[in-house]
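This report concerns helix packing, a pocket and backbone geometry. The sequence and structure are shown below.

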Amino acid sequence: MTMRDFMLCLIAVAMLGCGNSGLPGASSQQHSVDNKTGKVKRNFDQAQIKRGESVYNTYCIGCHGPNGAATPEWRKPGADGKYPPPPLDSTAHAWHHSTEVLKKTILKGTPPEIGSMPAWEGKLTEQQVDDVIVWIKSLWSDEIYDVWFKNFEGK
């Protein structure tokens with residue numbers, strides 16, 4: 001066993017010992033480490049992913065596009081100085097944020113000087129927000145998810 005494998009085991013044991021990671025919508029059953037690759041594996045509830053996709057298709061698709069792909073010009077501010085909605089898949093920066101930050105962004109919206117995302121607090125239930133976040137995470141590649149988890153959630 002390499003030192004890296006040993007450390008990953010310690011992290012996994014610590015997470016399991018806590019019962020959950022303490023993160024919104026994240027339970028110890030959602031993540032495990034692949035013994036061969038050392039990458040974090042997802043074990044999301046497929047029903048939650050379906051619910052999240054439904055929420056996304058109802059409330060988010062108009063801005064973020066089908067399957068979270070957004071528009072090609074998302075990095076370029078518009079005439080108003082605001083950035084267009086970014087992709088939510090592995091191609092942009094959604095995975096650079098913790099679950100907590102993603103949830104806060106959905107609930108509170110983006111700062112008005114930066115973007116035009118509205119606040120969904122009071123319009124979406126907590127369950128709907130958690131579901132859509134899990135759906136977004138399901139779009140990320142295994143490599144991106146592994147990096148995201150180790151850098152933003154697994155600490």
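Which residues in H4 meet which residues in H5?

## Contact of H4 with H5

The model examined here is predicted. On the H4 side, the residues are Thr99, Leu102, Lys103, Ile106 and Leu107. Their partners in H5 are Glu126, Val129, Asp130, Val132, Ile133 and Lys137. By class, the residues of this contact comprise six nonpolar, one polar and four charged.

Helix H4 covers residues 99-108 and helix H5 covers residues 126-139. The two pack at an angle of about 125°, and their axes are 10 Å apart. Angles from 65 to 115 degrees count as roughly perpendicular and those over 145 as roughly antiparallel; H4 and H5 are therefore oblique to each other. The crossing of H4 and H5 is right-handed.

## Contact of H2 with H5

Helix H5 also packs against H2: the axes of H2 and H5 come within 7 Å and cross at roughly 100°. That angle makes H2 roughly perpendicular to H5.

From H2, the contact draws on Gln48, Ile49, Arg51, Gly52, Glu53, Val55, Tyr56 and Tyr59. H5 contributes Gln127, Gln128, Asp130, Asp131, Val132, Val134, Trp135 and Ser138. Seven nonpolar, five polar and four charged residues make up the contact of H2 with H5. Asp130 and Val132 of H5 take part in the contact with H2, and they also meet H4.

## Largest pocket

The largest pocket holds about 780 Å³ of space. Its lining consists of 32 residues, and those nearest the pocket centre are His64, Pro86, Thr105, Thr110 and Met117. Divided by class, the lining has 22 nonpolar, eight polar and two charged residues.

Which helices each supply at least two residues of this lining? They are H2 (46-59), H3 (61-64), H4 and H5. The largest share comes from H4, with six residues.

Most residues other than glycine have a negative phi. Against this background, two residues may be noted. Asn67 is not a glycine, yet has a positive phi of about 55°. Ala70 is likewise a residue other than glycine with a positive phi, near 55°.

Where do these residues lie? Asn67 is in the loop between H3 and H4, and Ala70 is found in that loop as well.

Note on methods. Residues numbered from 1 in each chain as written. Predicted model: local features only at pLDDT ≥ 70, side-chain atom pairs only at ≥ 80, totals over all residues. Heavy atoms only, no water. Axes fitted to C-alpha atoms, helices over the stretch in contact; angles between N-to-C directions. Helix = DSSP H or I, 4+ residues; strand = E, 2+ residues; numbered from the N terminus. Parallel < 35°, antiparallel > 145°, perpendicular 65-115°, else oblique. Left-handed = near helix turned anticlockwise from the far one by under 90°. Contact = heavy atoms within 4.5 Å. Nonpolar A, V, L, I, M, F, W, Y, C, P; charged D, E, K, R; others polar. 1 Å grid on protein atoms, 1.4 Å probe; cavity = no way out; pocket = protein on both sides within 12 Å on 5 of 7 lines; lining within 4 Å. Points joined across faces, edges and corners; volume = space filled by probe spheres on them.
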